[in-house]
Amino acid sequence: MSALAALMRDANRVTSHQPWPRVVVKRQAWSAAIDDLSQRRLTLLSLWGEAAAVQMALLDEPTGEIAVLGLDCPDGRFPSVGARHSPAQRLERTIADLFGIVAEGAGDVRPWLDHGRWAMRQPLGARVASPESPMPYAFLSAEGEGLHQIPVGPVHAGIIEPGHFRFTANGETVVRLEARLGYVHKGIDHLMAGAELETAAKLAGRTSGDSTVAYALAFARAVEAALAVEPPPRAHLLRALMAELERLANHLGDIGAVCNDAAFALMHAHCGMLREQVLRTADACFGHRLMRDRVVPGGVAADLDPSGQAAVGALVELLRGRFPALPRLYDNTASLLDRTVTTGILRPDLVRQFGAGGYVGRGSGRAFDARRLPGHAPYDRLDFTVPVQQEGDVHARLRIRMDEVEQSLRLVSQCLARLAPGPLRAELPRQPGEGMALVEGFRGDILAWIRLGPDGRVARCHLRDPSWFQWPLLEAAIEGNIVADFPLCNKSFNCSYSGHDL
Amino acid sequence: MRDRLLLELLRAPLTEPAPAPDEAALAELAAKVDGAARRRLGRSLAIREVDAGSCNGCELEIHALNNVYYDLERFGIRFVASPRHADVLLVTGPVTSNMREALERTYRATPSPKWVVAVGDCAVDGGLFAGSYAVVGGVSAVLPVDLHIRGCPPSPTTLLKGLLALLHVA
């Protein structure tokens, strides 16, 4: 019996939850799950709160099974997962901030998203009115002779999102980095509650702007699972087409930006040109450069006409012609490789422990890709490979992106070739249900979980960005590197602030 | 690398002609910004971008202004790393409660005369996020705003038209 099946034995299954089981467990099974996580028998997919319960999504990687464990906590407490499995720590601090539900035995009880700036505490729980009172934040300490601290942010020097980085350095060498996030917390969980599906889908698509297609897709898949609706085949192919265009645009942007952070502007210029071509093609085909609000629950809101198909075909030809020269340029530029090879090494065991996805995971030997496992339409019928590197350095994360550009081009061509006339959207019934989806964005796997009320509105929606399990690893990867290499390491991770802060 | 550079010398430039300044932006500026300040700042602008709560969509399109097609620097407009070097604050997002103080301090660190440009639908009134406990509202809820550039996100061309209006001395 698999580890997950053992946990679910004798537990009450929630029949409305699709496509994977959700069970309501007792404290004993919850603690057994923590054992499994800490022993690496299971991978944590997410952990989130409700008014008087906590939910934990788990993956059994060898068997591919997924399940959600729910624990009722009428007294507002639950046994801490983070105390024995550190990837859960920030998720638990978020649960305490938003719902006031306390993780018993947690080692780190500092607030995370709550900076003392909201008009209330526990906005999704007791809603205790509280005057604005900025809280001092006790950064983790590092002691030793000659250490100094460098505070950076929340407003950074570049055109990027806000967050605070606290470096402790010994001369040039970083001894410890700790990030403080939450600056762009907009209260998405709160805005989702009670929202009509149309509004909620827009919110999902604005959780992390660079992954608007992937988020809209994850949200739509979760809703469709909850309502037992399957979108028409043409919608599946158009969704994958948009998702791969989004991946191409982001990877091209990242490849250029990482090289630019090593002062190699030529690559940035070339990648910027190709990225712009992807966005212009998306605009011409779907009416929006980022393809925002084009994936909707039930299907897609934009069709691809014959001229659009020709435009996408021309884009693939352009990229096939122009892109291969860029990895060659990279490989032949010793001064650039000198900056990326052996810089910011992330150990494979940490990646496995945190269940980190995307190029962060695949650059350190974890082959997980949500398009493969659990897999979803139409990828189960498309031919592509999942590139994996073992070195875990900036170079490996860059190489993954370069290889994925080629795979995405293959996928776009296959979507185009298979596109047959047909409807774009399935009707959605107005009924209650629970659903979950795992979708591969350019950055990694995005989890969406939804509960619909009897009126068909969103009762609770939880979105987990891949960055939740990548941000903490950046802190590990930078250790022992020089401060000047931080931009390079940071860009090679390119974690989302908005997707994480919600 | 030498081959690539030679090849690029033989290709025609990709940079596109400048669009005309946006009429609505010109009207908004004429009503709000006095001519003296515009004459002082209007030939060359240093911009400090501040994400005050955006989803990062606006940032992507602001970035695109630097690519070869839009080449913002040919107009004398450039992005700078510090508010102390800036003439313009380009602010995105609904202003979150957690970013409010950082935004105010960035504004105070910017020397006068200075302009504030609010970018994106969220920056106008909070957009889809208005009404949340964690959101103050649009940028004008915190700072005096001289120009709004709408869109979700505004395209680089829309951004360029708005920024060119700043250079267009009345």
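Student: What is the relative accessible area of B:Glu101?

Tutor: B:Glu101 has a relative accessible area of 30% and is partly exposed. Buried stands for under 20% relative accessible area, exposed for over 50%, and partly exposed for the range in between, with a 1.4 Å probe and protein chains only. This is a predicted model, in which local features need pLDDT of at least 70 and side-chain atom pairs count only at pLDDT 80 or more, whereas totals for chains, interfaces and linings use all residues. Residues are numbered from 1 along each chain as its sequence is written, chains are lettered from A and ligands numbered from 1 in the order in which they are written, and side-chain values use heavy atoms, with hydrogens and water left out.

Student: Which residue does B:Glu101 meet in a salt bridge?

Tutor: The partner is B:Arg105, at 3.0 Å from N to O. A salt bridge requires a side-chain nitrogen of Lys or Arg within 4 Å of a carboxyl oxygen of Asp or Glu. Both residues belong to helix H5 (residues 100–109) of chain B, where they are 4 residues apart, about one turn of the helix. Helices (H or I, at least four residues) and strands (E, at least two) are DSSP runs, numbered from the N terminus.

Student: Why do residues three or four places apart in an α-helix point the same way?

Tutor: They do so because an α-helix has 3.6 residues a turn.

Student: Let me stay with helices. Which residues of helix H2 in chain B are buried?

Tutor: In helix H2 (residues 23–32) of chain B, the buried residues are B:Ala25, B:Leu26, B:Glu28 and B:Leu29. They lie on the same side of H2(B), because they cover an arc of only 165° around the axis. That arc is taken over the directions from the helix axis to the C-beta atoms. The face turned away from the buried side carries B:Glu23, B:Ala24, B:Ala30 and B:Ala31, which are exposed.

Student: Now the two chains together. How many residues does each give to the contact?

Tutor: Chain A gives 53 residues and chain B gives 50 residues, where contact means heavy atoms within 4.5 Å.

Student: And what area is buried between them?

Tutor: About 4100 Å² is buried between chain A and chain B, and carbon and sulfur atoms give 62% of this area. A:Arg117, A:Ile159 and A:Lys186 supply 18% of what chain A buries against chain B, more than any other three residues. Buried area is the accessible area (1.4 Å probe) that two parts lose on being put together, summed over both.

Student: How many salt bridges cross that interface?

Tutor: The rule finds 3 salt bridges across the interface of chain A and chain B. One of them joins B:Glu16 to A:Arg280, with the closest N and O atoms 2.6 Å apart.

Student: Which element gives the largest share of chain A's side?

Tutor: Helices H4 (188–192), H5 (197–204), H8 (265–286) and H10 (325–331) of chain A each give two or more residues to the side that touches chain B. H8(A) gives the largest share, 9 residues.

Student: Where does A:Arg464 lie?

Tutor: A:Arg464 lies in strand E18 (residues 458–464) of chain A, and A:Arg464 counts as buried because its relative accessibility is 1%. A polar atom of its side chain is 2.6 Å from the backbone oxygen of A:Leu45. Not counting residues up to four places away in sequence, A:Arg464 touches several residues, including A:Tyr215 and A:Phe469.

Student: One more. Is A:Ala263 buried or exposed?

Tutor: A:Ala263 is exposed, with a relative accessible area of 69%. Its place is the loop between helix H7 (233–261) and H8 of chain A. A:Ala263 and A:Leu336 are 8.4 Å apart in space, C-alpha to C-alpha, and 73 residues apart in sequence.

Technical notes
A polar contact is a pair of N or O atoms within 3.5 Å; within protein, one must be able to donate a hydrogen and the other to accept it, and residues adjacent in sequence count only if both atoms are side-chain atoms.
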